[in-house]
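Open the model in your viewer and keep the sequence panel beside it. The tour below goes from one selection to the next and says what is found at each stop.

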Amino acid sequence: MSKTINVGPVYPPYMLDDFQRCALFWDLKKRWKNNPAKEWTANHIGNAVGKGLEYFLKGAGIEESFVKGEENIRANYPQRADRTLKGCVELVRQGLELGMNTNFSFKEILAVEEPYGRTRPDLVARDYDDALAVWDHKLKVELDDKYYEKELAKYDISNQFFEYAWVVGAKYGEPVERVYAHIIILGPSPRTVLHPVKMQPEHVKHWLHGASRDWHHMKAIEEGEEEAQSRYTGCITSYGPCAYHEGCHTFHGDESAFPAIYERVKSRYAS
């Protein structure tokens with residue numbers, strides 16, 4: 001690996017995840033969305049818990065933090081939700097209660113929900129040993145014990161965690177030594193877990209070498225210099241078929257046929 005990495009354009013980790021799964025999926029997601037019969041609320045609940053924890057870590061009181069979480073879920077509750085609004089509000093409250101009672105190890109908070117490039121870590125702080133560290137809230141409405149180790153293993157290779165380590169370390173001029181997954185589990189056994197992912201400079205550099213190559217390809221596709229290719233290994237996920245399964249396997253990528261089942265949108269990615 002070369003000593004100097006031509007980083008080029010930088011994309012947020014959730015976009016990199018989509019691109020690495022399938023370049024065509026990432027590209028289509030910017031223009032089209034499907035309209036499922038039900039919209040899953042788990043992500044909305046997690047975002048609302050994150051909003052309440054943001055206020056709590058910035059010094060707000062417990063009740064104010066609950067209010068901010070509830071406001072967030074009410075404002076973002078989808079029309080075809082798989083849960084009632086009442087149920088979502090209750091799950092947000094349960095998540096915040098667990099999250100606010102987590103025994104964090106940090107000594108000094110440096111930043112809460114502040115942007116670092118195109119990322120926004122939930123929490124950057126000095127850890128118990130003065131090491132620079134990052135925390136990211138992850139809410140699981142359900143996590144069966146038999147999937148627990150598999151869940152933890154995802155964070156050990158997370159683009160999000162490595163990008164946090166890279167951008168935060170660059171800002172402070174010292175390496176991030178660990179990134180914690182602050183996992184809030186609502187059921188069947190409610191609890192919180194702090195899973196530390198150790199970061200070493202050479203490991204982060206090795207990740208950056210691969211990620212930056214993908215970023216160059218992403219930029220080239222956006223500028224029309226390359227074509228987004230399908231990757232059939234990404235067509236079936238652990239949650240079922242890809243949202244654009246019919247787009248590839250029925251319409252064969254012909255976007256003129258997409259309006260039959262997809263809705264044209266300006267962009268589904270936040271800038």
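A residue is called buried at under 20% relative accessible area, exposed at over 50%, and partly exposed in between, with a 1.4 Å probe and protein chains only. Helices (H or I, at least four residues) and strands (E, at least two) are DSSP runs, numbered from the N terminus. This is a predicted model, in which local features need pLDDT of at least 70 and side-chain atom pairs count only at pLDDT 80 or more, while totals for chains, interfaces and linings use all residues. Residues are numbered from 1 along each chain as its sequence is written, and side-chain values use heavy atoms, with hydrogens and water left out.

**Stop 1: strand 5**

Select residues 178-185, which form strand 5. Is this strand mostly covered or mostly uncovered? It is mostly covered, with 8 of its 8 residues buried. Show the side chains: R178, Y180, H182 and I184 point one way, V179, A181, I183 and I185 point the other way, and all are buried.

Two strands pair if DSSP finds at least two bridges between them. Strand 4 runs parallel to strand 5 and is joined to it by 8 bridges; here L139 stands opposite I184. Strand 6 (residues 191-198) is antiparallel to strand 5, also with 8 bridges, and I185 stands opposite R191. Strand 5 and strand 6 make a hairpin with 5 residues between them.

**Stop 2: strand 3**

Move to residues 123-126, strand 3. L123 and A125 on one side are buried, as are V124 and R126 on the other, so that both faces are covered. Strand 2 (residues 108-112) pairs with strand 3 in the antiparallel sense over 4 bridges, and A125 is the bridge partner of I109. Strand 4 (residues 132-140) also pairs with strand 3 in the antiparallel sense, over 4 bridges. In that pairing A125 stands opposite A133. The hairpin of strand 3 and strand 4 has 5 residues between the strands, and one to click on is D130, which takes a positive phi near 75°.

**Stop 3**

Contact here means heavy atoms within 4.5 Å.

**Stop 3: helix 3 and helix 4**

Select residues 42-57 (helix 3) and 62-76 (helix 4), whose axes come within 8 Å and cross at roughly 150°. Angles under 35 degrees count as roughly parallel, over 145 as roughly antiparallel, 65 to 115 as roughly perpendicular and the rest as oblique. Helix 3 and helix 4 are therefore roughly antiparallel to each other. Their crossing is right-handed; the term applies if the near helix is turned clockwise from the far one by less than a right angle, and left-handed if anticlockwise.

The contact includes H44, I45, N47 and A48 of helix 3 and I62, E64, S65 and K68 of helix 4. Its residues divide into 6 nonpolar, 7 polar and 3 charged. In this count Ala, Val, Leu, Ile, Met, Phe, Trp, Tyr, Cys and Pro are nonpolar, Asp, Glu, Lys and Arg are charged, and the others, Gly among them, are polar.

**Stop 4: helix 4 and helix 5**

Among the residues in contact are F66, G69 and I73 of helix 4 and V89, V92 and L96 of helix 5. What is the division of the residues of this contact? There are 9 nonpolar, 2 polar and 5 charged.

**Stop 5: helix 1**

Go to residues 13-21, helix 1, where P13, M15, L16, D18 and F19 are buried. These buried residues pack against helix 2 (23-29), helix 7 (159-172) and helix 8 (201-222).

**Stop 6: E263**

Finish at E263, in strand 9 (residues 262-264). E263 counts as partly exposed because its relative accessibility is 35%. Apart from neighbours within four places in sequence, E263 is in contact with R31, W32, K33 and N35. From E263 to R31 the separation is 232 residues in sequence and 8.4 Å in space, C-alpha to C-alpha.

Note on methods: Axes fitted to C-alpha atoms, helices over the stretch in contact; angles between N-to-C directions.
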